[in-house]
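Q: Hi! Could you walk me through this structure, a bit at a time?

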Amino acid sequence: MKNRKLFTQIFSSFLIVVMIAIIAFGSYEYGVSRDFFTKSVVSDLTVRAKLVTQIIKNDSLLNNPEALKNSSRKISKEAGVRITVIRPDGKVLSDSHKNADEMDNHRSRPEVIKALAGKAEYSIRYSATLGKQLIYVAVPLYNNEKLEAVVRVAMPLSEFETVLFGVKSRLMWIGLIILILTAFASYIISKRVSAPLEKIQRSAERFMKGDFSKLPISEGSNEIVALVNSFNKMAEELDKRIKTISIQKSEQEAVFLSMKEGVLAINSSERILNINQAALKFFQIKSDAENVANRAVYEIIRNKEMLDFIHKSLNTREHLEEEITVYGDKERVLLVNADPLSTAQNEIIGTIVVMNDITRVKEWDKMRQDFVANVSHELKTPITSIKGYVETLLNGDVRNKEIETKFLNIISRHTNQLNAIIDDLLQLSKLDKTTSIETKKELLLPILKNAVQCCPKMIEEKNIRIDIK
């Protein structure tokens, strides 16, 4: 069913109700008027019939057919009615409009049957004699308490209908005037009722567009005024809540977008609910978050390890953690954590993935391993040399004082080298706390000679020749 405006509904309802009331009242009044005029005409015809009966009785016209005929026609012209005199057996003695000998027996006529029974009666029917509708009234004619005849008077129904048509016309004009006045009043009432509601509707449409300006409180019914007040309070409350939500959303978006960790929210259908800037950067996605939202994750992320991880998280609905390597402008190692994404009613609707770039951590770890290996090597070389020279001296294999002194000098240099390495380690440890480092100028030749003396075995094993000039 098609919706209609409130004004149209109220206005049309008023008109329909008024029209039904006018039709019902007019029909009732017409029926009452018809009954009233019918009774009036019947009463008038009854009086006339009784007068004719009295004349016929007084003048003894029943015994003189010719005189009865002439008298009937004379009275008919003066009274404007048709007069028929009928014997108890139904034979017509006289008729003012037709020859009685040519007329049928009237004993079966309804009004005649009642009159023969001693009661005045009327009927309305078509007259074959005159070819029109007539209203008949028949009364009995008694002489010395003996029924001698029935006197019937009749009047064309057209005269009666003319009067009723006038009544009907007046009723129709009155109904039309009432309908026009009611329509005008209905229009005003419908406007007064619907206008405030239409204003509220327009305000609701403004609310949908974000305009929460208040409605002016107009005069009207208590219900309309209360509705406008409630509407204004609702608008004020909505404005406050929307502003609060907007501020909170802006703050959350600012935090979300500025996070260094990549965040990716995915629903159960593997479609992206939200993604932040860091995650877009990790996977080299050039679209912004709004264009990516609600798209299938496999359309945006082309990393198989990541897609497998997301699929596994959605299936297990448990906390997961893995390291994933992604390739783009450079190779990155991501520490990826996934947890179920739930609503306020604890209904799991997807998964949320948080990605931390641990590439630098991995590089530092490798550097630490390399550093430890290098330091171990740097420490092992002088220690090995010192151990070898010391064992040679302890075993008494050196008898030459000059060679012994040479060995001791080498041991001393290696010891100094160990001290230098330890000093370097201490200096490196200070770099965690400060960015400045103390430097000084040194001759390169002694350092090179010291390096050659510290690594004679390695030089020999590698079959390397070093000439220092």
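Predicted model: local features only at pLDDT ≥ 70, side-chain atom pairs only at ≥ 80, totals over all residues.

Q: Which residues touch the most other members in the largest nonpolar core?
A: They are Leu264, Phe283, Met306, Val353 and Met355, out of 25 residues in that core. A nonpolar core is a set of buried Ala, Val, Leu, Ile, Met, Phe, Trp, Tyr and Cys residues joined through side-chain atoms within 4.5 Å. Buried means under 20% relative accessible area, exposed over 50%, and partly exposed in between (1.4 Å probe, protein chains only).

Q: And which elements give two or more residues to this core?
A: Among them are strand 6 (262–267), helix 9 (304–316) and strand 10 (348–357). Helix 9 gives the most, with four residues. Helices (H or I, at least four residues) and strands (E, at least two) are DSSP runs, numbered from the N terminus.

Q: What does Leu264 touch?
A: Not counting residues up to four places away in sequence, its contacts include Ile272, Val297, Ile310 and Val353. Contact means heavy atoms within 4.5 Å.

Q: New topic: is His106 buried or exposed?
A: His106 is buried, because its relative accessible area is 4%. You'll find His106 in the loop between strand 2 (92–95) and helix 3 (110–116).

Q: Which residues is His106 in contact with?
A: Leaving aside neighbours within four places in sequence, they are Ile86, Gly90, Val92, Val112 and Arg152.

Q: What about Pro156, buried or exposed?
A: Pro156 counts as buried, because its relative accessibility is 18%. Pro156 sits in strand 5 (residues 146–156), and, neighbours within four places aside, is in contact with Lys132, Gln133 and Leu134.

Q: How far is the C-alpha atom of Pro156 from that of Val81?
A: Those C-alpha atoms are separated by 8.1 Å, while the two residues are 75 residues apart along the chain.

Q: Last one: where does Ile466 lie?
A: Ile466 lies in the segment after helix 13 (456–461). With a relative accessible area of 41%, Ile466 is partly exposed.

Key
Residues numbered from 1 in each chain as written. Heavy atoms only, no water.
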